[in-house]
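Here is a short report for a first look at this structure. Start with the overall fold, then move to the cores.

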Amino acid sequence: MSPDGSRLLILLLFLILFRAFTTSAEHIIVEVNDAKLKDLAEEDAKYKKLCDFLSAPSAMLNTFSVHRALSGICIGTVLVYLVEECIKAEAVWHIIWIAAAVLAGTVIVSVFSDVIPKRIAEKNLSEKAALRTMPFIRALMILLSPVTGLINALSFVLSKIFGLSAYAKMDVVT
């Protein structure tokens with residue numbers, strides 16, 4: 001493998017690990033026990049901050065959605081470039097190899113960046129773990145806020161065009 005291929009492989013592994021960590025953090029923060037958290041918030045200011053942070057989850061959930069979409073695009077793009085770097089074949093076989101690699105890569109990425117991190121998070125579900133992930137999630141929200149804001153504005157315009165309520169509240173079940 002060429003030096004470019006090695007760099008692409010390292011970048012791909014980093015993107016998968018970052019997505020895995022984010023998926024795990026999302027699962028931990030979303031699955032926190034609300035009743036237990038409220039009890040802890042009465043005793044400790046740190047848990048009160050977490051409680052306040054989770055009281056309006058739409059921005060956080062939008063950030064996770066944007067992150068999943070962007071990371072999927074980045075991982076897929078790097079994977080195609082990596083396959084391009086490694087496979088030199090005739091035009092027809094080249095397309096088949098890329099399609100097969102993307103299909104296999106999608107399965108691998110799903111397992112290592114979505115399924116396994118959620119299972120790991122299940123073992124670590126606690127209010128303390130949620131408290132530890134909160135700074136990371138806040139940083140991610142700040143980093144992705146321009147994209148999230150753009151998507152929110154676009155969804156607002158499209159809601160108006162199609163006659164939907166842009167501010168409809170959904171029932172939240174916890």
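Along the sequence, the chain reads α-α-α-α-α-α. The model is predicted. It holds six helices and zero strands. The radius of gyration is 20 Å, well over the 16 Å that the globule rule gives for 174 residues, so the chain is more spread out than a compact globule. Its C-alpha atoms fill a box of roughly 65 × 45 × 25 Å along the principal axes.

Some values for the chain as a whole:

| Property | Value |
|---|---|
| Residues counted as buried | 33% of 174 residues |
| Contacts between residues 24 or more positions apart | 79% of contacts with a separation of 6 or more |
| Charged side chains | 17 positive and 16 negative, centres 3 Å apart |

The largest nonpolar core has 24 residues. Among those that touch the most other members are Ile29, Phe53 and Ile137. Helices H1, H2, H3, H4 and H6 each give two or more residues to this core. H6 supplies the largest share, nine residues. In soluble globular proteins, nonpolar side chains tend to be buried together.

What does Ile29 touch, leaving out residues up to four places away in sequence? Its partners are Leu50, Leu54, Met60, Phe64, Ala130, Thr133 and Ile137. Another core lies apart from the largest one. That core has nine residues, including Leu12, Ile16, Ile75 and Val78.

Last, Arg7. This residue sits in helix H1, residues 3–30. Arg7 counts as exposed because its relative accessibility is 54%, over the 50% cut-off. Its C-alpha atom is 9.2 Å from that of Leu82, 75 residues away along the chain.

Key
Residues are numbered from 1 along each chain as its sequence is written. This is a predicted model: local features need pLDDT of at least 70, side-chain atom pairs count only at pLDDT 80 or more; totals for chains, interfaces and linings use all residues. Side-chain values use heavy atoms; hydrogens and water are left out. Helices (H or I, at least four residues) and strands (E, at least two) are DSSP runs, numbered from the N terminus. Buried means under 20% relative accessible area, exposed over 50%, partly exposed in between (1.4 Å probe, protein chains only). A nonpolar core is a set of buried Ala, Val, Leu, Ile, Met, Phe, Trp, Tyr and Cys residues joined through side-chain atoms within 4.5 Å. Contact means heavy atoms within 4.5 Å. The radius of gyration is taken over C-alpha atoms; the globule rule is 2.2 Å times the number of residues to the power 0.38. Lys and Arg count as positive and Asp and Glu as negative; His and the chain ends are not counted. The place of a charge is taken as NZ of Lys, CZ of Arg, CG of Asp or CD of Glu.
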